[in-house]
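Grab your viewer and work through the exercises below. Try each one yourself before you read its solution.

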Amino acid sequence: MPSSSVPGPVRHVLILGGTTEARRLAATLAAEPGLRVTSSLAGRVAAPRLPAGEVRIGGFGGPEGLARWLRAHAVDVLIDATHPFAGTISFSAARAAATAHVPLLALRRPGWVAGPGDVWHPVASLAEAAAALPGLGGRVFLTTGRMGLAHFAHLTDLWFLVRSVDAPEPPHPPRMTTVLDRGPFTLDGERELLRAHRIDVLVTKDSGAAATAPKLTAAREAGVPVVVVQRPPVPEGVPVAAGPAEAADWVRSLLG
């Protein structure tokens, strides 16, 4: 007689984040038999790049709301693949996972490391970055995104080149030119931006992304100092994967 097999239960993986690594992980897991993959995007970008699998957009209503969502949708594994600076959602995810008794993994790309010739000024926050600028230069290439521009709005004597995916809204620096663009960026393009706008100081977050790293090389070549905002820590006790392949292996080992 022909043999028959009963398929196992479908296991549900929720991925938080719209990062490149989150999309790669979603594509990998969505191709796995027996896995249902849902990606949750914050909705801060007008036209996000949608990942494979199911997609939801918007917040959960804090850790309690996320915990309810985990239970209501029978989530077996939670992956925090948000941007390294999305600290609030990361701590909400840790609390929600503990409340709902769902395993949690943080997917974090490695941070940048200064090399020979780099002139980096590490700071702990955007407020500290703004405080450091007056002594470093007068024409600032600000690549920290549109959400934190209020920290620089009082610097009326400095000129800013601001790059973001969507147009920024006030409050922001009064002397500002905006470039709407999305990575990956090329080294030649970054060199030209620094040259054309006579940039003498760069401000960036330590996102660690290869797609946005060419600006650091361009700054090193031009002798431009870089103010680097350090990323917040991952919540205590949460395991960390450095890339999508490692995170996928963790999910496979956990779910069998």
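Buried means under 20% relative accessible area, exposed means over 50%, and partly exposed is whatever falls in between, with a 1.4 Å probe and protein chains only. This is a predicted model, where local features need pLDDT of at least 70 and side-chain atom pairs count only at pLDDT 80 or more, while totals for chains, interfaces and linings use all residues. Residues are numbered from 1 along each chain as its sequence is written, and side-chain values use heavy atoms, with hydrogens and water left out.

**Exercise 1. Get the overall picture of the chain.**

Step 1: start with the secondary structure. The chain has seven helices and twelve strands; these are DSSP runs numbered from the N terminus, with helices being H or I of at least four residues and strands being E of at least two.

Step 2: box it in. Along the principal axes, the C-alpha atoms fill roughly 80 × 35 × 30 Å.

Step 3: check burial and contacts. Of the 256 residues, 46% count as buried. Take contacts (heavy atoms within 4.5 Å) between residues at least 6 apart in sequence: 67% of them join residues at least 24 apart.

**Exercise 2. Classify the aromatic pairs and say how buried their rings' residues are.**

Step 1: set the rule. Rings of Phe, Tyr and Trp (its six-membered ring) pair if their centres lie within 6.5 Å; planes under 30 degrees apart are stacked, over 60 edge-to-face, and the rest tilted. Two pairs turn up in the structure.

Step 2: take Phe60 and Trp69. Their ring centres are 5.7 Å apart and the planes sit at 75°, so this pair is edge-to-face. Phe60 is buried at 16% relative accessible area, and Trp69 is buried at 15%.

Step 3: now Phe152 and Phe160. With centres 6.0 Å apart and planes at 65°, this pair is edge-to-face too. Phe152 is buried at 0%, and Phe160 is buried with 0% as well.

**Exercise 3. Describe how H1 packs on H7.**

Step 1: geometry. Helix H1 (residues 20-30) and helix H7 (residues 244-255) pack at about 45°, their axes 9 Å apart. Axes are lines fitted to C-alpha atoms, for helices over the stretch in contact, and angles run from 0 to 180 degrees between N-to-C directions.

Step 2: name the angle. Under 35 degrees is roughly parallel, over 145 roughly antiparallel, 65 to 115 roughly perpendicular, and the rest oblique. H1 and H7 are therefore oblique to each other.

Step 3: find the partners. H1 brings Glu21, Arg24, Leu25, Thr28 and Leu29, which meet Pro244, Ala247, Ala248, Val251 and Arg252 of H7.

**Exercise 4. Locate Pro233: is it buried or exposed?**

Step 1: Pro233 lies in the loop between strand S11 (226-229) and strand S12 (240-241).

Step 2: at 61% relative accessible area, Pro233 is exposed.

Step 3: its C-alpha atom is 8.0 Å from that of Gly87, though Pro233 and Gly87 are 146 residues apart along the chain.
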